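Subject: A structure for you to look through

Dear colleague,

I am passing on a structure that I would like you to open beside this message.

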Amino acid sequence: MHLSPPPSGRRILLAAAVAAATALVATGPVAAEPSTTQTATDRQDQYAAAAAEYGVPQSVLLGVSYLESRWDTHPGQPSTSGGYGPMHLTDAQHVLSTPASGHVDEDEDPRGDDSRPLTLDPAIAAAPAEDMLPQASLQTLDAAAALTGLGEETLRTDAAANIRGGAALLASYQKQLGAPVGAGTDPAAWYGAVARYSGADTEDAAAAFADEVYDQLGLGAARTTDDGQRVTLTATTVTPDQSGLHKLGLRRAERPDGLECPVRLACEWIPAPYKQLSADPGDYGNHDLGNRPAQQKIEYIVIHDTEGYFGPSVNLVKDPTYLGWHYTLRSVDGYVAQHIKAKDVGWHAGNWYVNAKSIGLEHEGFAGHGTWYTEAMYRASAKLVRHLALRFQIPLDRQHIIGHDNVPGTTAGTVAGMHWDPGPYWDWSHYFDLMKAPFHSTGTPHTGLVTIDPDFASNQPAFTGCNQQPPGVPKPTPPAAPCPLRGSSAVILRTAPSATAPLVNDLGLRPNGTPDTMYISDHGARASAGQTYALADIQGDWTAIWYLNQKAWFYNPASAPTAKWANGFVVTPKPGKTTIPVYGRAYPERAAYPAGVPYQTISPLQYSLSAGQRYAVGGVLPGEYYRAVTFDGSAPGDWTVIRGENRYVQIQFGHRVMFVNLDDVQIQPASVGGPA
């Protein structure tokens, strides 16, 4: 979710500076590839050398680094919380000091209800600059520079130096706690220093980070980093001495009864206000009361990013005149704030049908800067989503755990303004691995479906326009510089099986029929990891899927596949129907509405589904409309779910999910009637 309308003045500088810092990495038509000249054991040796130099157990240093970055370097590029390198040395002041500029954002109504359009006041999001500064934990790189004598730029860009800086910080934290230092010391004695390294400002968040590190020590790990280095953490069971945690003097967050978070997740109740704003009962904020799942099933969990920092974003959700979502997650340590109970309906997805049936999670970060989301936040989010999915019986798949960029427009007129976060740099495959629901191959080319799943690190589409993020300031010259090349969940879709073929067209974004582009927010020619599509064709190293009423081709060589074969069900128009309409919401028919409740028009989108095409089924849903238009439930039919005879099939139609009327289609196994 892009939380704020186009900002102005100093409000832009904080978020925009991240874009500028990352844009500096790409100075020409193509950004430099990461170096792979070191031998496979060099990075392991660098951890060992830094551990010995500063007296930190090597396993602790490796474990902390894994929880920060999974040992990746992200060369020269900051995380969404301003951290650099494998040790995530934070340097928010450097990020904030770099001038930047951006573009005007989309104009999405977050409530997405035609019966009561919501217009936000841009002044609400224009917080004073002093309120936008990140927490002190986002400035550790200068301390690392003082401890090591290394230059700050070196610490930001050189992996070996960055590891030394992280080791020096850990050792300094251990000494300040009066605890023993030395590479041969017991890893169990380092719990307090590890907790402090998290950057958390509450005791439970620091403990949650440290617990994850020590859990990882017990599990071990081995992987190849983004610059081709093989690193291994040998599994060793450690029972940590937690006594150092209380010496950190961190705030103890309140955890009231009824907090809807897993027990081991650092979580705090910071409520979004439900408040009447004037004498008019229809003038209220910033969410709606509900009775879910007793009254209406929760079908979706929607993944957003905030397009801003944690503190200001939480301040926005606390404003009754703004809008509300259920949770906000902090980047540096994975800390979670819950704002709305799951039974109630947030205003976050831009589609009232989806809002009424979803829980919204906002993640501190930026969709289009080329920044990276931290491992700490991925893990916290995965734990939270898995907990909610099990509680509310939500399938752990990409038909139900969706990005804001997968939410459809409500009508043809709203399609172009829908938001596109968390963007192509969100690692969906790793996220589902953490949720213990990895993407598996469940079929062959003959079973008729394909699940997108590129290798995140090596899949580096050449996007443009990261220098124009975030919204709200004049466009620079040239208008769209190359983004830093970096890992992505997105595969690019073309009109023919060729790398030089034009990108496919999304009529909702480009009604004149011209091809979509590689501009970072122009998602109309992309499929994302975990999304499952109906197979349309195979030619050599290229695979075609049915996508927005056309064949869309992506590169999928057997030697390095970017997708997995799958099986399941598809829809196709019933015999005799040349085309059928596609919808952005699954509303009931007119006859279902009781007296006094205005009919919500069943309005098709600008797309259609043609005979001979097939689209993957995400579920069969009843036609429903949750009526909630007054603060006190005083309007006719308020606080009720209106259901009719209409039933809909959710399909993966394009980058976004959409709906077709069950009466218009036949559902059949994907293996029947597919490509030869």
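In helix α3, the buried residues are V60, L61, L62, G63, V64, S65, Y66, L67, E68 and S69, where buried means under 20% relative accessible area, exposed means over 50%, and partly exposed lies in between (1.4 Å probe, protein chains only). This is a predicted model, in which local features need pLDDT of at least 70 and side-chain atom pairs count only at pLDDT 80 or more, while totals for chains, interfaces and linings use all residues. Residues are numbered from 1 along each chain as its sequence is written, and side-chain values use heavy atoms, with hydrogens and water left out.

Helices (H or I, at least four residues) and strands (E, at least two) are DSSP runs numbered from the N terminus. Helix α3 is mostly covered, since 10 of its 12 residues are buried, and it reaches 16 Å from its first C-alpha to its last, close to the 16 Å expected at 1.5 Å a residue; the expected span is 1.5 Å times one less than the number of residues. Just after α3, R70 takes a positive phi of about 55°.

**The nonpolar cores**

A nonpolar core is a set of buried Ala, Val, Leu, Ile, Met, Phe, Trp, Tyr and Cys residues joined through side-chain atoms within 4.5 Å. The largest one has 58 residues, among which V56, L61, L170 and V194 touch the most other members. Among the elements that give two or more residues to this core are α3 (58–69), α9 (159–176), α10 (191–197) and β4 (230–233), while α11 gives the most, with 9 residues. A second, separate core of 52 residues includes V504, Y547, A616 and L662.

If neighbours within four places in sequence are left aside, L170 is in contact (heavy atoms within 4.5 Å) with V56, V60, L61, V64, W190, A193, V194 and Y197. As for α11, 13 of its 17 residues are buried, so this helix is largely enclosed by the rest of the structure. Just after α11, G220 takes a positive phi of about 75°.

**Aromatic rings**

Rings of Phe, Tyr and Trp (its six-membered ring) pair if their centres lie within 6.5 Å, and planes under 30 degrees apart count as stacked, over 60 as edge-to-face and the rest as tilted. A search of the whole structure finds 31 aromatic pairs. One of them joins Y173 and Y197 edge-to-face, at 6.3 Å centre to centre with 65° between the planes. Because Y173 lies in helix α9 and Y197 in helix α10, this pair ties together parts that are 24 residues apart in sequence, and both tyrosines are buried.

Y353 and Y587 also form an edge-to-face pair, at 6.5 Å centre to centre with 70° between the planes. Y353 lies in helix α13 and Y587 in the loop between β23 and β24, so the pair ties together parts that are 234 residues apart in sequence. Elsewhere, ring pairs link Y373, Y378, W426, W428, Y431, F432 and F439 into a cluster.

**The whole chain**

The chain has 15 helices and 28 strands, and buried residues make up 62% of its 676 residues.

With best wishes
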